[in-house]
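Consider how the features of a structure may be read one at a time. The dialogue below takes each feature in general terms and then turns to the case at hand.

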Amino acid sequence: MADRKSAVDGLIGSLKRGTDWTAFEARRLARLQSEQSKLARAQAKKKQHIEALGELVWQKFCTGHVDDPEIVAVCRDIQGLLRTISEQEAVMVLIRQEKPPEPPVCSQCGRLLSPADGFCPGCGMRVVAGPAAAAADTGRAQVARVHDGT
C-alpha cells in the first residue's frame, strides 16, 4: 500500500510540475506577445516620424534651405529618381496608347498582304509600306526616344 501511495504522490507531483510549467509558459508567451505588439507600434511610429522628417527636409531642400552636403547629395539623388519616374511614366503612357497595326492590303485589289510581300499575290501590284506601318514605327520610335532620354 505504501508503494501505491508513493507512486500516486510521485504522479501528482509530476502533474503539478507540468501544470506549473505550462502556466508559466502561457504567461511568458502572453507577455512576449504584448511586448511584440508594443514594439511593432513603436517601430511604425518611428517610420512615420522618419517619413515626416524626410518630407520636411525635402521641402527645405526645394526652397534652398539645406546646406549639409550629405543631405544635399541624397536630395539630388531623389531629384534624379523623380526624373526617371517621370520618364518611365511617359513611356507607359505611350505604350498604353499604341494600337495594333492594320493588316496591310493591296491598294489595287484589296487583298490582304503579309508584311514580307513585295508584290500583291493577287494582282501583282508592287507593295509600298502604308500609313499604318509608318504609324506603328513612329509609335515605337517615340517610346524608344523617351526610354533612351532623347
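This is a predicted model: local features need pLDDT of at least 70, side-chain atom pairs count only at pLDDT 80 or more; totals for chains, interfaces and linings use all residues.

Q: How many helices and strands does the protein have, and in what pattern?
A: Helices (H or I, at least four residues) and strands (E, at least two) are DSSP runs, numbered from the N terminus. Here the protein has 3 helices and 0 strands, and its pattern along the sequence is α-α-α. Helix α1 covers residues 2-62, helix α2 covers residues 69-97, and α3 covers 131-148.

Q: What share of the residues of the protein counts as buried?
A: A residue is buried under 20% relative accessible area, exposed over 50%, and partly exposed in between (1.4 Å probe, protein chains only). By this criterion 9% of the 150 residues are buried. The accessible areas come from the Shrake-Rupley method with a 1.4 Å probe, and for residues only the protein chains shown count as cover. The protein exposes about 12,500 Å², of which carbon and sulfur atoms supply 60%.

Q: Which residues make up the largest nonpolar core?
A: A nonpolar core is a set of buried Ala, Val, Leu, Ile, Met, Phe, Trp, Tyr and Cys residues joined through side-chain atoms within 4.5 Å. The largest one in this model has 5 residues: W58, F61, V66, V72 and C75. At least two residues of this core come from each of α1 and α2.

Q: What is V72 in contact with, leaving aside its neighbours within four places in sequence?
A: V72, in helix α2, is in contact with F61, V66 and D67 once those neighbours are set aside. V72 counts as buried because its relative accessible area is 12%. Although V72 and F61 are 11 residues apart along the chain, their C-alpha atoms are separated by 7.2 Å. For W58, with neighbours within four places likewise left aside, the contacts are C75, I78, Q79 and L82.

Q: Which residues form a nonpolar patch on the surface?
A: Patches are made of residues with over 30% relative accessible area and no salt bridge; like charges are joined within 9 Å, and nonpolar side chains (Val, Leu, Ile, Met, Phe, Trp, Tyr) within 5 Å. In this model V74, I78, L81, L82 and I85 form such a nonpolar patch, with about 430 Å² of accessible area together. One of them, V74, is in helix α2 and counts as partly exposed because its relative accessibility is 47%.

Q: How many salt bridges does the structure hold?
A: A salt bridge is a side-chain nitrogen of Lys or Arg within 4 Å of a carboxyl oxygen of Asp or Glu. The structure holds 4 salt bridges. Among them is that of K16 with D20, whose closest N and O atoms are 3.3 Å apart. Another joins the side chains of E35 and K38, at 3.3 Å from N to O.

Q: Why are K16 and D20 separated by about one helical turn?
A: K16 and D20 are 4 residues apart in helix α1, so about one helical turn separates them. K16 is exposed, with a relative accessible area of 52%, whereas D20 is partly exposed at 40%. E35 and K38 are 3 residues apart in helix α1, which also places about one turn between them; E35 is partly exposed at 45%, and K38 is partly exposed at 42%.

Q: Is E25 buried or exposed?
A: E25, in helix α1, counts as buried because its relative accessibility is 17%. E25 forms a salt bridge with R28, the closest N and O atoms being 2.7 Å apart. R28 is partly exposed, with a relative accessible area of 32%.

Q: Where is V105 found?
A: V105 is in the loop between α2 and α3, and its relative accessible area of 47% makes it partly exposed. Apart from neighbours within four places in sequence, V105 is in contact with G110, R111, L112 and L113. V105 and P115, 10 residues apart in sequence, are 9.9 Å apart from C-alpha to C-alpha.

How values were computed
Residues are numbered from 1 along each chain as its sequence is written. Side-chain values use heavy atoms; hydrogens and water are left out. Contact means heavy atoms within 4.5 Å.
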